Amino acid sequence: MYRPAVRAVPDPELKPPLLQTIFDIYAAEVNRAIDALVAAGTVPADANRKPVTLEPPRDPTHGDLSTNAAMVLAKPAKTNPRALAEALKQELAAAPHVEAVEIAGPGFLNLRLAEPAWIAELARIGEAGAHYGRSSFGEGVRANIEYVSANPTGPMHMGHCRGAVVGDALATLLEFTGHDVIREYYVNDAGGQVDVLARSAHLRYLEALGEDIGEIPEGLYPGDYLKPVGDALAREYGDELRNAPEADWLPTFRRKAVDAMLELIRTDLGKLGIHHDLFSSEYDLQRSGAVDRAEARLREMGHVYEGVLEPPKGELPDDWEPVELTLFRASEFGDDVDRPLKKSDGSWTYFGADAAYHLQKAEQADLLIDIWGADHAGTVKRIKAAVEALTGGKVPLDVLLVQMVRLFRAGEPVKMSKRSGNFVTLAEVVDEVGKDAVRFMMLSRRADAPLDFDFAKVKEQSKDNPVFYVQYAHARIQSMLRRAEAEGLAPAPPEDCAGHFDETDQALLQLAAQLPRIVRLAAEAHEPHRVAFFLESLAAAFHANYNRGNDDPALRVVRPEDAARSNARLALNRAVGQVIANGLGLMGVEPAHEM
RNA sequence: GCGCCCGUAGCUCAGCUGGAUAGAGCGCGAGACUUCUAAUCUUGAGGCCGCAGGUUCGAAUCCUGCCGGGCGCGCCA
């Protein structure tokens, strides 16, 4: 029913060459050092190296890079960490540009690198440009990420916004780390609420034919957005269906109305810069027999039986009565109770169809990610159970629960009521504050923490507003580069930068060079907010460095009287701007060039 | 009652999947504007990381049990 959007097939020719970053290079050196100890018999060959890390130490006085290798390997090597550290130190000291290796604390190995090592990273930022931070650890992994999946019964409201942005940013992050990503939207067009939509559209159809429909009855969708649907139906069918029984028009009206709603939703998502590769219809899924096949598969494996569920705990629904149902043994896969696949009337439950839908996704992916509202937390276990049963545990499913967004206007909460149709739509918010601000704010907290969204704050031009703060850093850098050009200066090639950076400059470069690590960590943890936090800290470091020029004119970046140093620092600042732009790009935010 | 999420500075939150002396912003105190965009920056005070055990070289991070808050509990979607 819904044509998938044309999916761009990644052209291997266009794939940029991946550069080894400074962390890759020295991680390899650490590995080499361990290899040497293995060869010497100090460390067993089968020792698990996975917990070995190479990170910038939190305290910069500890050096440029730090590894826990000695501590992690001490146990398998049956020695103490410091003794192992001594042996590793000898090996690491031979690595290029290593000025010093120190053993510290319980057995950390701290590496101090000579400037050329960092200048080389500066060169890589320039060389990779918009691709800096890209990696290939997801190479060969097909990741399916399903997000938004709002019911096609009306325009998007703010309740949908956060999941949409988080899902989209995570998808971009996974692409950037080499995964083959499918962005998917599950269209819930098979349930009763779509009948309600069709009836609501029918009423608007009568209205378009000139009937006085009065108040929209309780239980139907009252929104004006259905008027154009009614108009279109009236144009198409004229009087034909005016007095026809419901059965004559319901299926058609369902389809027409859902199509129209999806068009609305697509438009809304477009305003946020979100485009899915695939819209999958629950209705089509059921008609195709996919759900029957999934059930048969579970039945074959002995995971399905006919039975009666215990009454639910807590508040008992008024109409509860014990009935025999087709049940999936979810409790054997970690769920609390078994779950019905079919209703007593023989039709599929939402869960039954969803299980089949996940099987369909799993057949074409190595990793499944669902982005759900936190109010669906109660159904995570059952769908994970179903995926595990259906795929034999081969395809992992991660369900990200996205917490609520509380809207405020100048500190006052914005009241929303679904019943009265009085909700804040996504389009309104994007039109008011802009796509970039919305996206950044949605990523400025961990997904599982509630988020306050204050219109006043988001539009504020001050450092209280992280969107602005980061954008301003980028704009300032562009402004600086323009100014430098006017003064006859230009960013120096990396080889001319040596010796021109002081400690603060070095620290800024080292922070910018962390982008690839942050990207990787964020992608692995499925936590796009990490990019936002990184950008805030990088912007802060930039502003601080920049501002030194106000106290001491000799520390200004644009200084024609010292062109060599000025050009070197321009190269550094340009690289910082590149990193900010790349990070913003991952969040779907356009960098500002002037403000 | 059961399940999931959360509990870190007065407030809002980070904390690199177990690392070194727990960080940032706001707010509060003290400073820097003939600015390369002060739309910014510098600096000070402020902490039994909810509580109690456990796991180990090492715990805010993992496990168990409490306490407190949020969400959920259906043949709905």
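**Figure 1. Secondary structure and overall extent of chain A.** The secondary structure of chain A comprises 20 helices and 15 strands; helices (H or I, at least four residues) and strands (E, at least two) are DSSP runs, numbered from the N terminus. This is a predicted model, in which local features need pLDDT of at least 70 and side-chain atom pairs count only at pLDDT 80 or more, whereas totals for chains, interfaces and linings use all residues. Residues are numbered from 1 along each chain as its sequence is written, chains are lettered from A and ligands numbered from 1 in the order in which they are written, and side-chain values use heavy atoms, with hydrogens and water left out. Along the principal axes, the C-alpha atoms of chain A fill a box of roughly 85 × 60 × 50 Å. Of the 595 residues in chain A, 49% are buried; buried means under 20% relative accessible area, exposed means over 50%, and partly exposed lies in between (1.4 Å probe, protein chains only).

**Figure 2. Helix α5 and the residue that follows.** Helix α5 spans residues 158-176 and contains 19 residues. From its first C-alpha to its last, α5 reaches 27 Å, close to the 27 Å expected at 1.5 Å a residue; the expected span is 1.5 Å times one less than the number of residues. Because 16 of its 19 residues are buried, α5 is largely enclosed by the rest of the structure. Just after α5, Gly-178 adopts a positive phi of about 95°.

**Figure 3. Strand β6 and its partners.** Strand β6 (180-187) is largely enclosed by the rest of the structure, because 7 of its 8 residues are buried. Strands β5 and β6 pair in the parallel sense over 5 bridges; two strands pair if DSSP finds at least two bridges between them. Within this pairing, Ala-143 stands opposite Val-181 in β6. The chain passes from β5 through α5 to β6 in a right-handed β-α-β crossover. A crossover is right-handed if, with the strands pointing away from the viewer, the path from the first strand over the helix to the second runs clockwise. Strand β7 (residues 278-281) runs parallel to β6 and is joined to it by 4 bridges, with Ser-281 in β7 as the bridge partner of Val-187.

Figure 4. Strand β11 (residues 367-373) is mostly covered, with 6 of its 7 residues buried. Strand β5 (residues 142-146) pairs with β11 in the parallel sense over 4 bridges, and Leu-367 in β11 is the bridge partner of Ala-143. Strand β12 (residues 397-402) also runs parallel to β11, joined to it by 6 bridges; here Ile-371 stands opposite Leu-400 in β12. Together, β11, helix α12 (residues 380-391) and β12 form a right-handed β-α-β unit. In a regular strand, side chains alternate between the two faces of the sheet.

Figure 5. Asn-188 lies in the loop between β6 and α6 and is buried, with a relative accessible area of 6%. The side chains of Asn-188 and Tyr-350 are joined by a polar contact of 3.3 Å. A polar contact is a pair of N or O atoms within 3.5 Å; within protein, one must be able to donate a hydrogen and the other to accept it, and residues adjacent in sequence count only if both atoms are side-chain atoms. Asp-375 is placed in the loop between β11 and α12 and is exposed, with a relative accessible area of 67%. Its side chain makes a polar contact of 3.0 Å with that of His-376. The C-alpha atoms of Asp-375 and Met-404 are separated by 8.9 Å, although these residues are 29 residues apart along the chain.

**Figure 6. The protein surface near RNA strand B.** Of the 75 residues around RNA strand B, Arg-58, Phe-108, Gln-461, Tyr-472 and Arg-476 come nearest; a residue is near a molecule or strand if one of its heavy atoms lies within 4 Å of it. The residues of this surface divide into 29 nonpolar, 23 polar and 23 charged. Ala, Val, Leu, Ile, Met, Phe, Trp, Tyr, Cys and Pro count as nonpolar, Asp, Glu, Lys and Arg as charged, and the others, Gly among them, as polar. Helix α19 provides the largest share of the surface, 10 residues. Of the RNA strand B atoms within 4 Å of the protein, 64% belong to sugar or phosphate and the rest to bases. A polar side-chain atom of Arg-556 lies 2.6 Å from a phosphate oxygen of RNA strand B, and a side-chain N or O atom of Ser-479 is 3.1 Å from a phosphate oxygen. For Gln-193, a polar side-chain atom lies 2.8 Å from a sugar or linking oxygen of RNA strand B.
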